[in-house]
Amino acid sequence: MSTSTSSSLSLPVLDLSRLACGDEEAAAFRDDLRRATHEVGFFYLTGHGVPQELIDRMISVGRKFFELPEADKLALNMVDSPHFRGYTRIGGELTQGAVDWREQIDIATEREPVTDPDAEDFWVLQGPNQWPAALPELRELATEWIERLNDVSLTLLHAWAEALGAPADVFDPAFAERPAPHIKIARYPGKEDAGQGVGAHKDLGVLTLLYVEEGKGGLQVERDGQWIDAPPVSGAFVVNIGELLEIATNGYLKATMHRVVSPAPGQDRISVPYFYGPALDATIPTIDLPPELAAEARGVTRDPSNPLHPVFGKNWLKSRLRAHQDVGWAHHPELMEAQGFTRDA
């Protein structure tokens with residue numbers, strides 16, 4: 001894949017409020033949604049109804065978190081969590097084996113750990129979060145953020161289903177019990193070179209809603225062999241499909257490679273990706289596409305280094321073990337060995 005970039009191409013902009021503007025406009029929105037995610041896999045979402053006040057508060061509290069003393073952040077070190085929750089220091093995460101240059105806190109739905117020794121391996125992902133004692137407002141804010149974006153995601157998922165010729169609720173059973181949404185609050189510090197903030201990858205779940213601090217670029221999307229800059233649009237989320245929707249549509253919707261380039265020295269960037277996930281043990285249904293769409297389905301990506309699983313928990317665990325190998329070795333060495341990792345990797 002070429003590493004050249006292009007600023008002449010841009011992502012589509014879709015207004016979610018069109019769904020409430022009558023049958024004809026709603027149908028036009030669904031058609032635009034289908035086309036954007038078949039052709040590009042990424043788009044900007046406006047008209048989503050998430051209050052700007054909540055967005056501003058998330059960016060502000062996120063920045064406050066990263067301004068905490070190092071000891072306060074390391075008190076939440078992810079390596080202490082068998083459930084892959086908590087703080088990751090700069091350089092503590094890997095993408096395709098290379099070091100990512102960001103710090104972050106991972107937060108997911110809070111539930112009791114699964115203690116059944118016969119449970120599927122992916123149930124290690126369920127458990128409590130780690131919260132900063134010095135920033136108690138983060139817990140309430142993160143909970144509200146997840147609830148708001150759950151609603152937006154469900155609306156999008158219903159629109160996708162109808163756009164693909166399926167009933168609007170075709171995906172609902174996968175989310176009916178114990179859905180597993182997940183957010184990161186991430187900070188990318190500046191570097192002397194335009195290095196790897198996060199390396200090229202595809203998202204593992206159903207869909208991602210990303211909010212980036214205004215005025216802060218760095219996100220790039222792969223399209224036709226080029227890296228396209230995707231700077232933030234005021235008040236908009238960047239949306240992309242994940243591997244599970246690729247599986248559900250036999251590749252008619254294609255999960256798209258993307259990456260983040262580090263900011264320039266003296267700058268940084270706050271971003272908040274939200275990953276819409278069904279129950280860990282849910283199998284994403286396969287949609288019986290209309291013939292005209294099925295003819296354009298490209299098949300599910302076959303990559304021996306990144307096998308795609310229709311069971312969400314298997315896909316998520318694969319990603320967690322690969323990205324946070326220190327956590328894997330600390331708590332789940334048998335899973336690391338089963339995945340073919342070695343301690344000196």
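**Ground rules.** I am working from a predicted model, in which local features need pLDDT of at least 70 and side-chain atom pairs count only at pLDDT 80 or more, while totals for chains, interfaces and linings use all residues. Residues are numbered from 1 along each chain as its sequence is written, and side-chain values use heavy atoms, with hydrogens and water left out.

**Terms.** I took a cavity to be a set of points, on a 1 Å grid over the protein atoms alone, where a 1.4 Å probe fits but cannot get out, and a pocket to be an open set with protein on both sides within 12 Å along at least five of seven lines; a lining residue has an atom within 4 Å of a point. Points are joined across faces, edges and corners, and a volume is the space filled by probe spheres set on them. Helices (H or I, at least four residues) and strands (E, at least two) are DSSP runs numbered from the N terminus. I counted Ala, Val, Leu, Ile, Met, Phe, Trp, Tyr, Cys and Pro as nonpolar, Asp, Glu, Lys and Arg as charged, and the others, Gly among them, as polar.

**Largest pocket.** I looked up its volume, about 860 Å³, and found 47 lining residues, with His201, Lys202, Asp203, Leu204 and Ser319 nearest the centre. Helix 8 (residues 312–323) gives the largest share of this lining, seven residues, and by class I noted 20 nonpolar, 14 polar and 13 charged.

**Second largest pocket.** Here the volume is about 220 Å³, and among the 13 lining residues Glu39, Val40, Glu222, Lys254 and Thr256 are the closest to the centre. Helix 1 (23–39) and strand 11 (219–223) are the elements that give two or more residues to this lining, the largest share, three residues, coming from helix 1. I recorded seven charged residues here, beside three nonpolar and three polar.

**Cavities.** My search of the whole structure gave three cavities of 30 Å³ or more. The largest cavity holds about 90 Å³ of space, and of its 13 lining residues Arg85, Arg111, Gln126, Ala180 and Leu280 lie closest to the centre; the lining divides into seven nonpolar, three polar and three charged.

For the second largest cavity I noted a volume of about 40 Å³ and a lining that includes Asn77, Tyr87, Arg89, His324 and Asp326. Strand 4 (86–88) and helix 9 (325–331) each supply at least two residues of that lining, which has four nonpolar, four polar and two charged residues.
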